[in-house]
Amino acid sequence: MLDKNELKVQLLNIIDRNEIEGAVISSPLKKSSDITKIKIEPVMLKGKLKYRFAYYEGQKVIHKIDRENVFDKIIAVMEEGFKQCSITANKHCTVLMNKKRLFSLTVVK
């Protein structure tokens with residue numbers, strides 16, 4: 001089990017940030033949560049790599065562009081209320097969070 005800092009270091013070592021094809025954060029901790037999943041896609045804006053977060057609320061989808069480090073944002077969102085994240089890049093990674101807010105990381109080539 002990893003804490004959030006160890007998880008970030010592991011992700012940075014395993015995945016090249018520029019090769020991320022997408023990610024899906026799902027399984028809300030609370031079933032009453034409005035947001036059911038979040039899809040993350042890389043986008044080029046003004047020649048810079050940014051990430052578009054699509055928040056799914058029932059039939060509605062809200063898009064937000066994020067400029068900060070994608071791994072920091074994924075970890076923060078998971079700590080706010082999601083159990084799992086699937087990241088597709090040069091490798092496929094699955095991040096799971098338990099009730100004690102500790103993470104496990106599985107990597108498949």
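Trainee: As what does E41 count at 37% relative accessibility?

Mentor: E41 counts as partly exposed; buried means under 20% relative accessible area, exposed over 50%, and partly exposed in between (1.4 Å probe, protein chains only). The model is predicted: local features need pLDDT of at least 70, side-chain atom pairs count only at pLDDT 80 or more, and totals for chains, interfaces and linings use all residues. Residues are numbered from 1 along each chain as its sequence is written, and side-chain values use heavy atoms, with hydrogens and water left out.

Trainee: Which side chain meets that of E41 in a salt bridge?

Mentor: Side chains of opposite charge can pair when their charged atoms come close. Here the partner is R52, at 2.8 Å from N to O; the rule asks for a side-chain nitrogen of Lys or Arg within 4 Å of a carboxyl oxygen of Asp or Glu. E41 is in strand β2 and R52 in strand β3, so the bridge ties together parts 11 residues apart in sequence. Strands (E, at least two residues) and helices (H or I, at least four) are DSSP runs, numbered from the N terminus. R52, at 28%, is also partly exposed.

Trainee: How many salt bridges does the count come to?

Mentor: Four. Among them, D72 pairs with K8 at 2.9 Å, linking helix α2 to helix α1 across 64 residues.

Trainee: Where in α1 are the buried residues?

Mentor: They are L7, L11 and I14. The face turned away carries exposed N5 and N13.
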